[in-house]
Each structure stands twice: as C-alpha cells, then as structure tokens.
Amino acid sequence: MAFSGIVSVEDILSSPDKYERILLLLVYPSRDVELAISRLEALQSIGVDRIILWGDTEVYGVKILGKGGSSLVLLVSYRGEPTVAKILRTDVGDKDLSKEARILRYIVEKIGEYKVSPRLVESLDWLILMEYIVGFKMGEFLSSQLYLLDRDELLRFLRLLFTKAYLLDSIGVDHGELSRPQDHVIIRSDDYDPVFIDFEYASMTRKPHNFTSVAQAVLVRSPASDYILDLLGMDRAGVISLLRKYSLGMSRHDFEDLLGKLLRFSPE
Ligand SMILES: Nc1ncnc2c1ncn2[C@@H]1O[C@H](COP(=O)(O)OP(=O)(O)O)[C@@H](O)[C@H]1O
Ligand SMILES: [Mg+2]
C-alpha cells in the first residue's frame, strides 16, 4: 500500500533525512537532495505550506496525482487550498514548463470566465502551480459515471464539452491530445463540468482541431458512443458527415448550427 497523508513543508525542511522520499519527488528521477531542498524552499516562498500525498499514481511508495514523461504532478496546499503542482522531471534535457504555463495564462486571459482549463496560480521554468480540478477523468467518466446522468444532464455535459473545445479553437490554441480525451479532460464531480488539462503538447501555431477531435472521440469512437448516440437520436454516419461539413468552414455559425443539430433537436 502506498503511503498517503499530509506533510508540512516546515517539517520536511527541518528533517530532510526523514522526508527524503518526499523531497526526491521534486527532482525525480535524480537523487539530488540539494536541488530538491532549493525547489521546496521556492515552493514555500510562493505560498505552498503542505505536500498532500494523494492520487492514483505511486512513486517511491507514496501517492501522487500523476507521473508523465516530463513531469510529476503533486497535490499540495497553497495558502491552505488544495492546489496542483506540476513539477518538471530532471531527465528532460532542455525542455521546461514555461511554454505550457504561457498557454495556460493565455487561455485564462482570453476565455477565463468559461473555465476551459485550470486557473494558473504561479509558474516557474520547472513548476506550474494551478487550480485543482476535483472530478473524474474522461476515461473513467465514459465507462461509469456517464450512465448515472439523466438526459438533460448529459446534454448539458456535451454542450459544455463541445463549447469549451470550440472556444479553444476560436482563440487559436490547439490542445493536441483531445483525440484521446481519456486523460486530458476532468469532469467535475459536483456539476459534471468538463475542464481540459495537460497543455504540454498544445500549440498556438498549429491549426486547432479541438472540437472535431473531442466530438469524434466521444461520439464516434468511445465505448459509450452507442449509448450517447441513441440518446441523441443520431447515428455514427450522420455525426461524421456533420463534423466533416463543419470542418470545412469552422465558423461560429457553423458550430452553433452543428450544436443545434446534435443536441437541440434530439427526440425527448
Ligand atoms: N489541474 C489538475 N487538477 C486535478 N488533477 C490534475 C490536474 N492536472 C493534472 N492532474 C492529474 O495529474 C495527472 C498528470 O497530469 P498531466 O498534466 O497529464 O501530466 P503528464 O502529462 O506529465 O502526465 C492527470 O492525469 C491528472 O490525473
Ligand atoms: Mg501529458
């Protein structure tokens, strides 16, 4: 069993030997305790007061939110609030987190009121501190929670998902991984509001395909497609042809027209 719990930053800094495993999460996979201490001090000076060992991933016998090819994702307490710290791994060469932070900042600046992405709290080359989205990842959602929603809730969820993806399209940000939404969308557990995460492969120069990617993934290719299409009174071929037509123009009018066809006129 991996260890879960809450440790104060003060305590770690005053007994680094005792908390070495936690310290080393900050410089994974190296064992550079000195660098880890300096990163923890930086976190402390930003306002991080506790590390919360919690999540579905296990590293060094403790629970964390996630581990990817270029970062570790930890839950921390920032001024008393659960907050996410995405921390650059030390084995990534020249890469850093500044581009991802820049894109998050841009999204929040342009369309922050729509809550398309987590709110950015603070960033450094090796750190993104951001809002903690409490909910289910899309993969899990599509295989279980989805079936608990009533029809109106499901329609609202799809409308929010598609509109947020379209909003990203409209500001010229391509997420890049929404054709595999399983790990890149968190659906809030209290109101089923979807939020896109992990903008590591996002681009502001590629042509955006967020809406068509996520719509295809959910309506055409997911294990829940049949269930959802049935509820919408649509068939796969119909959805594919609508999406194809949309992708020719991609205007706001085309999007609203498509959303109307997909969600509004489905049978009660
Ligand atoms: N803002 C967030 N709120 C809640 N959980 C998050 C957040 N950001 C990341 N996570 C969790 O951490 C995992 C890894 O984050 P991600 O950004 O995908 O990093 P990587 O690509 O390095 O795996 C996600 O799959 C998710 O479970
Ligand atoms: Mg990733």
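Before we start, one definition: two strands pair if DSSP finds at least two bridges between them. Helices (H or I, at least four residues) and strands (E, at least two) are DSSP runs too, numbered from the N terminus.

Okay, what we have here is a predicted model, where local features need pLDDT of at least 70, side-chain atom pairs count only at pLDDT 80 or more, and totals for chains, interfaces and linings use all residues. Residues are numbered from 1 along each chain as its sequence is written, and chains are lettered from A and ligands numbered from 1 in the order in which they are written.

Let's begin with a sheet. Three strands make an open, antiparallel sheet, in the order β10-β11-β12. At the edges sit β10 (135-137) and β12 (194-196), each of which pairs on one side only. From one strand to the next, the twist averages 30°. For angles, axes are lines fitted to C-alpha atoms, for helices over the stretch in contact, and angles run from 0 to 180 degrees between N-to-C directions.

Now look at β11, residues 185-188, which is joined to β10 by three bridges. Another three bridges join β11 to β12.

Tyr 60 is another one with a positive phi, about 50°, and you'll find Tyr 60 in the loop between β3 (57-59) and β4 (62-64). As for peptide bonds, there's a cis one joining Tyr 28 and Pro 29, with omega about 0°. Pro 29 lies in the loop between α2 (20-25) and α3 (33-46).

On to the helices. How do α9 and α10 pack? Helix α9 (residues 236-249) packs against α10 (residues 252-264) at an angle of about 170°, and their axes are 9 Å apart. So these two are roughly antiparallel, a label for angles over 145 degrees, while under 35 is roughly parallel, 65 to 115 roughly perpendicular, and the rest oblique. The α9 and α10 crossing is left-handed, meaning the near helix is turned anticlockwise from the far one by less than a right angle, with clockwise being right-handed. Helix α6 (residues 151-170) also meets α10: their axes come within 11 Å and cross at roughly 160°. That makes α6 roughly antiparallel to α10 as well, but this crossing is right-handed.

Last stop, ligand 1. It has 19 residues around it, the closest being Gly 66, Gly 68, Val 73, Pro 118 and Asp 198; a residue is near if its C-beta atom, placed from the backbone, lies within 6 Å. β6 (71-78), β7 (81-88) and β9 (127-131) each supply at least two residues of that shell. And where does ligand 1 lie? Domain 1 (5-131) and domain 2 (135-264) both give residues to the shell, so ligand 1 lies between them. Those domain bounds come from an automatic or database domain assignment.
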